[in-house]
Amino acid sequence: PKNAIRRASYSAVLTGESFTNGRMNLTIERTGKAAEFVSLTPLNIHLSKCVWGNSPAIWGTGPKSVAVVLMDRVQGTLTGQWSLHGARRSDGVDFDFRAPQAVTSQLSLRLPRQFRLRADVGVVTTHPAKDAADWQVWEIELGRRTRCRLAVDFGPAPKPRQPLILVENSVTNLVAVSEQFRIFCDLNLTV
């Protein structure tokens with residue numbers, strides 16, 4: 001593509017049923033000579049206050065309801081604020097996060113420590129928040145993916161279950177020799 005988003009990073013905090021106080025950073029390079037619009041499709045987050053450093057960015061919805069930003073420089077980092085409302089369920093909240101295509105994308109989400117996060121794609125890691133003991137930071141490396149379904153589960157993680165081993169056996173042959181036994185059997189183990 002003429003204009004490419006090289007790196008995309010998104011961070012936000014879970015507040016109720018929404019990710020709020022979000023920050024977006026898109027590092028974009030233009031290979032063409034003239035200013036052009038860069039598509040932000042399939043963006044579904046609520047985006048606001050987009051800037052190039054200290055300069056306001058020209059962005060909005062273009063033809064066919066496609067979100068775009070004017071790339072009026074050779075390279076730059078577009079920053080903005082974002083939020084995303086989730087769908088409540090009895091034991092948590094589900095989110096459908098969609099972002100523009102980038103060479104690499106990363107989500108960094110802060111949740112209360114007792115909550116858990118699941119993602120249908122990407123590599124998920126977690127660590128305690130450095131500035132607040134009651135919070136956990138979840139990092140999701142999305143690579144080139146543009147969509148990630150997230151599930152926030154309320155409450156602590158379930159305790160790990162002890163493995164259960166089921167044994168089915170059948171004695172096929174029993175040989176008795178004085179002071180010695182030999183047993184031949186088939187064992188089917190199910191773990």
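Entry 1: I am working from a predicted model. I then followed the pairing along: β3 and strand β7 (residues 67-71) run antiparallel to each other, over 4 bridges.

**Entry 2: the sheet around it.** I looked up the strand order and got β3-β7-β6, an open sheet of 3 strands with antiparallel pairing. β3 (36-39) and β6 (59-61) are the edge strands; each has a single partner, so one side of each lacks a neighbour in the sheet. From one strand to the next, I noted an average twist of 35 degrees.

**Entry 3: the core.** Next I turned to the largest nonpolar core, which has 39 residues; among those touching the most other members are Tyr-10, Trp-82 and Phe-97. Strand β1 (residues 3-15) contributes the most to this core, with 5 residues. I also checked what Tyr-10 touches beyond its sequence neighbours, and the list includes Met-24, Ile-45 and Leu-107.

**Entry 4: rings.** I found 5 aromatic pairs in the structure. Tyr-10 and Trp-82 have ring centres 6.3 Å apart and planes at 85 degrees, so I wrote them down as edge-to-face. Tyr-10 is in strand β1 and Trp-82 in strand β8 (residues 75-85), 72 residues apart. Tyr-10 and Phe-97 are edge-to-face too, because their planes stand at 75 degrees, with centres 5.1 Å apart. Phe-97 sits in strand β10 (residues 92-98), so this pair ties together parts 87 residues apart in sequence.

**Entry 5: buried or exposed?** Tyr-10 counts as buried at 1% relative accessibility, and Phe-97 is buried with a relative accessible area of 1%. Trp-82 is buried as well.

How values were computed:
Residues are numbered from 1 along each chain as its sequence is written. This is a predicted model: local features need pLDDT of at least 70, side-chain atom pairs count only at pLDDT 80 or more; totals for chains, interfaces and linings use all residues. Side-chain values use heavy atoms; hydrogens and water are left out. A nonpolar core is a set of buried Ala, Val, Leu, Ile, Met, Phe, Trp, Tyr and Cys residues joined through side-chain atoms within 4.5 Å. Buried means under 20% relative accessible area, exposed over 50%, partly exposed in between (1.4 Å probe, protein chains only). Helices (H or I, at least four residues) and strands (E, at least two) are DSSP runs, numbered from the N terminus. Contact means heavy atoms within 4.5 Å. Two strands pair if DSSP finds at least two bridges between them. Axes are lines fitted to C-alpha atoms, for helices over the stretch in contact, and angles run from 0 to 180 degrees between N-to-C directions. Rings of Phe, Tyr and Trp (its six-membered ring) pair if their centres lie within 6.5 Å; planes under 30 degrees apart count as stacked, over 60 as edge-to-face and the rest as tilted. Lists of a residue's contacts leave out its neighbours within four places in sequence.
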